[in-house]
Amino acid sequence: MSPTGTRKSPTSRALTTALPLLAVAALVVIGAIVSVTRSSGDEPPAGNSAGQQGEKVTDPTLLLARDLSAQMAKPWPDAQRHDGRYKSAVGGNTRYGESLLGFALIQHGLDNDQDELVDSGLKALAYSVPRLGTQARDSIFEALGIVGAYKRLEADMPDDPRFQRIRPKMERYLSNFELVRLPATSYYGNHWLVESVLVQELLTSGLKSKNPHAIVGGERREAGRLAEELVNKRIPKMAREKNFKAGRERAFVLSDPPDDPLAYQGLSLGFYARAIQLLGKRATPAAHKTLIQVANASTWLTAPDGDLAYFGRNQEQAWALGGTVYGAEVAAGLDESSSRAEGRYRALGHRALERLRDDHGVGRFGLNITPAVRESHKGGEKGADHGAGGPSFGALTLLFVDWSLPEIADAEHKPTRIRADTPMRALLSRGESRFAVVRKGNVWYAVRTTRGGKHPEELRDDFGLMALKMKGRDGDWKDIVRPRPITRGEGDPTQSAGPVLLRQAGLRAFPFTDKASVRRDGTVVLHGGLRGSPNPFKRIVARLENGTIVRALDFSPGTLIRQNMSYRFTPTKCGVTYEFPAQAGDTVEYSIFLRKEDKAPRVSPRGVADAGARWTFSRPASVKLEGGYASGLDPELVRARATFSDLPAGPVRISVCGR
């Protein structure tokens with residue numbers, strides 16, 4: 001059973017799923033059927049009960065998670081330098097890589113009796129611990145790694161001389177660690193949630209301090225209150241205000257508002273589940289309900305191939321999948337989850353594990369943090385955010401998967417299906433982060449209703465058709481529309497794939513949406529218009545007692561240029577047709593991103609084609625090919641920039657069809 005007590009008991013599962021109408025008779029019949037099924041040997045137990053009886057564990061999800069966990073941990077000792085630092089396939093060395101990976105390897109090594117991994121983790125800490133506190137700002141993730149390693153070493157090998165050498169510095173660092181963001185209660189981002197987990201870990205570390213500002217010192221009570229309040233009150237309040245209906249259930253995207261990048265939905269699902277588990281019985285029903293709503297959102301937004309970070313910052317990062325695995329399994333074990341919901345959550349976790357295995361994979365520098373890194377270290381690094389690194393991001397993913405193992409082992413029901421496994425349509429999230437997902441036949445796609453304002457130069461926060469996948473004859477799904485490339489650079493000009501209205505004096509207007517709907521046939525209709533570039537700015541959200549100033553990025557919308565426009569995305573048998581209106585004399589630009597191949601794309605005034613897809617235009621355009629782009633999926637992308645000049649009044653249609 002889960003050591004923190006969130007996993008529901010078999011009795012509560014039966015009560016949750018029982019039908020009240022036939023009461024005793026129905027329960028007797030169901031019990032008999034279940035008894036026959038379990039004794040027939042056709043369906044082995046979903047969890048590890050077979051293992052407890054001395055038999056081989058056959059739950060595919062548990063086997064997959066264990067195997068993937070072992071693969072992710074294995075390469076790191078050979079990728080470690082003599083000074084304890086780890087080599088990275090991308091990004092060089094990161095701030096908290098050795099601290100967090102040291103913790104992850106110590107935990108994995110102790111759990112699996114692998115001394116080599118424990119040795120490697122201790123060597124990494126021997127490098128990172130002497131350097132603690134030397135940076136201008138404290139790192140919440142670094143502290144999380146240090147406190148996790150400290151607690152595990154203190155519990156399992158307190159007398160080890162390697163631990164004894166670094167223990168005093170670890171204790172000084174942790175005993176003086178102060179609150180960073182939690183006191184800023186008027187704002188929220190993923191670091192607030194991670195800090196709430198850190199606070200709970202520190203308060204159960206046994207450490208005490210005379211520092212009046214330290215979490216384990218003078219701020220002990222306040223830190224505990226703020227951490228618990230975030231989990232039990234503030235985030236549930238956010239869910240009450242921003243939840244939405246998808247199908248017959250309520251769902252909530254928990255990410256970094258207002259643009260809510262999808263990778264941070266996965267990260268937040270994992271850390272919110274962790275916070276609830278650490279609270280145990282102190283976690284309220286409202287927190288449980290919110291976790292279920294977050295898991296619901298993930299079952300809807302995830303593509304059939306397990307892709308759940310196809311737009312936004314840190315696109316396609318592995319830790320989004322790891323967090324989803326862990327969070328989905330914790331949600332599945334809650335008393336409030338029905339057997340049907342548990343099946344969906346477990347299917348979500350299994351699909352995320354499969355994507356980690358099949359699309360990311362493990363190399364000599366550990367887990368490939370994006371699919372692009374697997375294909376090319378150089379191109380993969382270009383498509384990743386600044387600060388991304390193999391040791392830090394691989395460690396976070398390994399921790400999530402290892403934390404999920406006892407949850408998977410305790411599962412009572414098998415994985416069933418996620419929403420995208422069958423025809424579906426839904427509008428997800430609210431406000432600036434709203435988007436639509438549709439599955440019709442062998443086509444699945446996602447449409448963002450507006451573009452982000454905090455980073456207007458960022459194509460990954462763009463408007464329009466952000467993902468399109470098609471199921472092939474072999475049953476595999478392939479990307480027809482490639483995910484947008486990274487173009488993040490503070491102060492750079494606003495970017496969009498379009499449609500972009502080219503105006504006089506080099507000015508441009510970009511699409512926005514006031515109202516969105518999804519029709520029964522899967523057509524996504526967006527009503528809105530065009531605006532000028534938004535204006536991002538930083539504002540102070542809190543001034544803490546210790547002198548820390550917490551700032552956040554915000555923006556004001558661009559000037560309204562045109563309104564009462566409709567944008568339509570209609571599914572076809574092989575893709576999507578996109579339609580937008582033009583006024584007489586308009587010049588409009590639209591960009592298509594293609595995977596760079598040995599053979600250049602074929603270009604004509606009426607379309608663009610490559611080996612994977614064919615794009616056709618209802619109006620002639622001049623097309624210019626531009627290289628130098630990369631994403632989390634593709635290490636090299638080509639931009640086909642189509643310009644429709646002097647258009648007549650009426651609709652412009654762009655169709656994409658997979659090959």
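Q: What do the buried residues of H6 pack against?
A: In this predicted model, the buried residues of H6 pack against helix H4 (60-73), helix H5 (97-111), H7 and H8.

Q: And which residues of H6 are the buried ones?
A: They are Leu 117, Val 118, Ser 120, Gly 121, Leu 122, Ala 124, Leu 125, Tyr 127 and Ser 128.

Q: How many residues does helix H6 have, and what does it reach from its first C-alpha to its last?
A: Helix H6 (residues 115-128) has 14 residues and reaches 20 Å between those two atoms, which is close to the 20 Å expected at 1.5 Å a residue.

Q: OK, on to aromatics. How many aromatic pairs does a search of the whole structure find?
A: The search finds 22 aromatic pairs. In one of them, the ring centres of Tyr 150 and Phe 163 are 6.0 Å apart and the planes are at 65 degrees, so this pair is edge-to-face, the cut-off for that being over 60.

Q: Where in the chain are Tyr 150 and Phe 163?
A: Tyr 150 is in helix H7 (residues 140-156) and Phe 163 is in helix H8 (residues 161-175), 13 residues apart, so the pair links distant parts of the chain. Both Tyr 150 and Phe 163 are buried.

Q: What about Trp 319 and Phe 393, why is that pair edge-to-face?
A: Their ring centres lie 5.8 Å apart with the planes at 80 degrees, so that pair is edge-to-face.

Q: Which residues form one aromatic cluster?
A: Tyr 96, Phe 141, Phe 271, Tyr 326, Phe 400 and Trp 403 form one. Arg 274 lies over the face of Trp 403, at 4.0 Å from the ring centre. Elsewhere, the charged end of Arg 531 sits over the ring of Phe 512, 4.8 Å from its centre.

Q: Which residues touch the most other members of the largest nonpolar core?
A: Phe 271 and Tyr 310 do, in a core of 148 residues. A second, separate core has 42 residues, including Leu 501, Phe 569, Phe 580 and Val 608.

Q: Last topic, then. Which residues does the disulfide join?
A: A search of the whole structure finds one disulfide, and it joins Cys 574 to Cys 657 with an S to S distance of 1.9 Å. The link of Cys 574 and Cys 657 is left-handed, with -120 degrees about the S-S bond. Cys 574 is in the loop between strand E15 (560-571) and strand E16 (575-582), whereas Cys 657 is in strand E23 (residues 650-658), 83 residues apart.

Q: Are they buried or partly exposed?
A: Cys 574 counts as partly exposed because its relative accessibility is 22%, while Cys 657, at 14%, counts as buried.

Conventions: Residues numbered from 1 in each chain as written. Predicted model: local features only at pLDDT ≥ 70, side-chain atom pairs only at ≥ 80, totals over all residues. Heavy atoms only, no water. Core = buried A, V, L, I, M, F, W, Y, C linked by side-chain atoms within 4.5 Å. Buried < 20%, exposed > 50% of the residue type's maximum accessible area, 1.4 Å probe, protein only. Phe/Tyr/Trp six-rings, centres within 6.5 Å; stacked < 30°, edge-to-face > 60°. Helix = DSSP H or I, 4+ residues; strand = E, 2+ residues; numbered from the N terminus. Lys NZ or Arg CZ within 6 Å of the ring centre and 35° of its normal. Disulfide = S-S within 2.5 Å. Expected span 1.5 Å × (residues − 1). Contact = heavy atoms within 4.5 Å.
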